[in-house]
Every structure is written in structure tokens, then in C-alpha cells.
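Subject: Structure handover

Hello,

Here is the structure for you to look over. My notes follow below it.

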2 protein chains.
Amino acid sequence: MTTKSDAPTATRRIGIIAPGRRLEEEWAVKATSLARQTFGASAPELLFHPQCLEDYGHFAGPDEVRLEALVEMANDPAIDAIWIARGGYGACRIAEQAIDRFGLAARKKTWLGYSDAGFLLGGLYARGFRHVAHGPMVADITRIGGDKALRCALNWLNSGDPSATDPAMQSGTAYLAFNLAILSEMLGTPLEPDFTGHVLMIEEVSEHLYAIDRALFHITSSPNVRRASGIMLGRVSDIPENDIPFGEEAEDMVKYWCARAGIPYLGRADIGHDPDNRIVPFGLKL
Amino acid sequence: MTTKSDAPTATRRIGIIAPGRRLEEEWAVKATSLARQTFGASAPELLFHPQCLEDYGHFAGPDEVRLEALVEMANDPAIDAIWIARGGYGACRIAEQAIDRFGLAARKKTWLGYSDAGFLLGGLYARGFRHVAHGPMVADITRIGGDKALRCALNWLNSGDPSATDPAMQSGTAYLAFNLAILSEMLGTPLEPDFTGHVLMIEEVSEHLYAIDRALFHITSSPNVRRASGIMLGRVSDIPENDIPFGEEAEDMVKYWCARAGIPYLGRADIGHDPDNRIVPFGLKL
């Protein structure tokens, strides 16, 4: 399935692949329709790689299929941006091998995703890719208010519209944004970027508070993370109930671990697994 | 509460503290009673630190209370062994500070625990403590068949009885055993031991298969873990149901990641969150 708009060829061409879980075809149709409604004649062309619909256990196809789809789209010079279809889990199984095969066309592209896609985005930023951002994915269309999230993503992918970014982000400051669990499992792997001098935003979803505290121990013990200029906390949502209450809130836990590690805690960030999830371009904000 | 047996003073004295979650007093009573039934006049003396019963949110007392209890018992020359009361979560909040304050008396002791206690055991082994083992804790008394697990633990704590260890373990081979999530969050922290030349046993409980796969990516990416002589897989139990089946079994996942990382996969280990959880003394098996 390649869903094309009727827009003229001068429009931006956005390639969509699913390194983790699959898309439902209906979501692709909705996203395409939303792009047309929002931009009319200047709508970007959404090119869904057929791989997005593959169905292989947890994954949108076997590793080799997801890898080849990613490499194919990334290296296609006629595509301007790669928009990650969905998170879930799976990017870490293919990210390093994919990046090893990315050429100049991949470096020129804009990259957008979050959650599990952080493995790929972290690895790209670690290799010096300059147009990498945390932000809404195609599957966010399924959320209440998801249209808004996708419009932000499309605006940013289409024109680099800065209104989609967190207004608290400051010019002259460098940023990175990751899901906490993904960040935690990325440390010490070839996908780990250099956090030196960056404000590190973290968010979490569907994790027990004790697991969040444990991951905070891990990330704040990292010498690399300790070189960050500070940590900001996005939203922590859908926390499963444990058999006893943890007794601390997520922000208290982040303050505690930041204080222990000597990392400045810089307050809240406007990111999370929800439709208000802001776009955070990696690196220096101009 | 200090529960003392009527045994003569020549018996082993086992100090019990809870670095994570709290004990119920009833479990302490049961464990003491079991020790007396099992060993009669030669029963070890179980010294439950009052901290074990403290109640502070998720934890058996605030960090300072757990830390001081651990340091006090570890440095007490009249105590022969430290038996961790229970896992849950919390050892990583106090382990490094505690170990920094441990003296010779702590080094002479036998240490036993698993799961969350792995943070402490890993840190001890990293600092050259020689009598550290993965194995049943007091709270295992609550399991069906828990009496058997506690008898094994008590036998080993009391006399170093090797029948409590995994019969598959070979003389002349060095071993380490950890819960996978704990191991994953321990890497890159001051608690991480040197895995070089060790057989690394892992087990898991109550984690989604996608989270297990993600943690396997993380640990098998570690240059330190790659210096292990191999990985053995214990039991993976109480896997929560996800909205889609993962499509692979835990052992397939371990084989996959071991193959990718060039780590020999050495088969199954007889450890896990269950009453058959074997004792694995850390280091060289004599």
C-alpha cells in the first residue's frame, strides 16, 4: 500500500515505516485524509511503506523486513522526511544495522518519532544526524485529540513550523527527549548519544513507579547522563497499580535522583504519551 | 523485634535486614520456627533487625533507616551471615553507600538473596566480597513449597551445604546469577561486577516479553557482559498478557540476542522466582 495525495510534485514527500509495531490500514487512510484537509494543495505526500502493515507477532514484520524497509526509505533521495509510524517495541532490533547502511540522503532527511523510536533517533543523533526530533507518530491518530497531534507533526514535517515545539524550550540551548525505559535500555549500547551539555527530557507510560525509580537510578548513575545540563520531566501516565502504593510521586523521584547525581532538575517538559506531546528537535534550538 | 532461638552460642548467627520491601512479622516467626524444626539444637540464630518490619510506602523504612540497619548488621563481628529478608525494590537506593561503609566483618560474612537484592550482591562481588550468593530469601516462606526453599537457604547459611546449589554447576567454573531487570539497571552503575569469564545466569518474573527482549538487547550490548563465558536462562514466570502475543518464547529471545552478541548460550539454569530457586554462590565453584 502506497497512499499518495493528489498534491503537485513540489510538495514534501514523507516516508513512513514501522520499526516496531504495525499500523492498521485505517490509520494510514485517516492520516492521509487529515493531511489533505489540513494543507489542501500544499499537503505533503504520505508514502506508507507496505511494511507498515506486515503482521509478525509483536512486530510489523520480521527484523529483516523492517530493516530493509527502513534502509530503502532512508536512502531514497526523493523522500524528504521519515515519519515513524508507531512505537510499541522493536526499533532496537534493527536500528544499528540500519544506520550503518544510511547514506547522505538519510542524513539530509527530517526524522520524527518517539517512545520505542527513541532507539533509532538516539542512534541517528549519536552519528551526527542533524534533523532528528521527538514528536507524534502516525498511530497517535487513535488517541482522543489525536488529530491535533498529527497536525502538529505534519506542520513540522511539512514546513518546520516551530509552534509545534515546547514553548519552554530556549534558543541557544540543546535538547534531547526520550522515553525513560527506552533511554535506560539504550545506555551502554551503540545507540547511546552524547548528552553533554544537553537538557534531557524524559517521559514515561505504563510503568510501575518502582520500575521508574529503578530506571532513574540507572540513568542518573551514567557518567554520560551526568554531563547533561539538566533533566526535565514530561508526563508520566497510565501507571499500573501495584499491590502497595509507592509513596512518592514521579517528580519527587526525579528530584531525588537528580540531587543524588548532581544533575540540575529543570522542571516539567510538555511531552508524554498523549496528544499534547510536543515536538523536540534534537540538538541546539536556534 | 529480635527473634532468638534457644540454641547455644556456638551456633551460627544470621542477621536479617530488608533493603527493599518489608517483612510481615508472621513470616519471621514462621522462618524461626522452621529453623528450629529443621536443625533442632544446632539451629542457627535468626536475628531479625527491627527495620524489617518498618513500613514506609513501598519500602521497609526510609532510605536512612534501611541503610543504617544494613551497615549495623554487616559490620557486627558477632553475626556470621546476612540473609536478605525480601526483594521488591529498594536495594539500589542504599547499596553503594552501605558498601562504602562495610569493614572486614562484612567481608567475612556470607550473603544471601536474589531479585532486587541483586543490586547489593552485585556491588559486593564487584568490591571483592567472596561469600556472596543468589538464593531464597525469608519472604519465600509465603510461596507454596516455600518451606523447602527456606530449608535450602538455611542449610546453606548454616553449613554451606552444597546440595542446595544447582547440580548443573561445574567445578572450576565461575558463576553469577541475577534477575534480568535488575542486571539491566545495574549495568553502568557502581554496583556492576566484572562478568569476565563467568557463566551469567538470568531469570525474570512479572515482565512483559517485549520488556524482556528490550532488556536482553541492553545487557547483550554491554562489552562487560560480552566478556562472560556464556549465559544460562533460569525460569521466566508470571509474564503479564500483552494486547498482542509477542510471538517468541523467552528462550528463543535469549538465543537470538546471544547469537547477535557472540555470547555462548549455555542452556537452562535452575533459578527463578519460585521455591525451586537454587543457590548460586558467586564466583568460582570449587
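By class, 18 nonpolar, 14 polar and 15 charged residues make up the lining of the largest pocket. Here Ala, Val, Leu, Ile, Met, Phe, Trp, Tyr, Cys and Pro count as nonpolar, Asp, Glu, Lys and Arg as charged, and the others, Gly among them, as polar.

Some ground rules. This is a predicted model, where local features need pLDDT of at least 70, side-chain atom pairs count only at pLDDT 80 or more, and totals for chains, interfaces and linings use all residues. Residues are numbered from 1 along each chain as its sequence is written, chains are lettered from A and ligands numbered from 1 in the order in which they are written, and side-chain values use heavy atoms, with hydrogens and water left out.

**The pocket**

A pocket is an open set of points on a 1 Å grid over the protein atoms alone, where a 1.4 Å probe fits, with protein on both sides within 12 Å along at least five of seven lines; lining residues have an atom within 4 Å of a point. Of the 47 lining residues, Tyr210(A), Arg214(A), Gly88(B), Val205(B) and Ser206(B) are closest to the centre. α8(A) gives the most to the lining, with 5 residues. Helices (H or I, at least four residues) and strands (E, at least two) are DSSP runs, numbered from the N terminus.

**The two copies**

A rotation of 180° with 0.0 Å of shift along its axis superposes chain B on chain A, with RMSD 0.0 Å. The same surface serves both copies: 100% of the contact residues of chain B (heavy atoms within 4.5 Å) recur in chain A.

**The sheets**

Chain B has an open sheet of 5 strands, ordered β9-β8-β7-β6-β11, with mixed pairing (strands pair if DSSP finds at least two bridges between them). β9(B) and β11(B) stand at the edges with a single partner strand each, so one side of each lacks a neighbour in the sheet. β6(B) and β11(B) run antiparallel, joined by 2 bridges. There, Ala174(B) stands opposite Leu284(B).

Chain A has an open sheet of 6 strands, in the order β2-β1-β3-β4-β5-β10, also with mixed pairing. In β10(A), Pro281(A) is the bridge partner of Ala133(A).

Definitions and conventions:
Least-squares fit on C-alpha atoms with pLDDT ≥ 70 in both.
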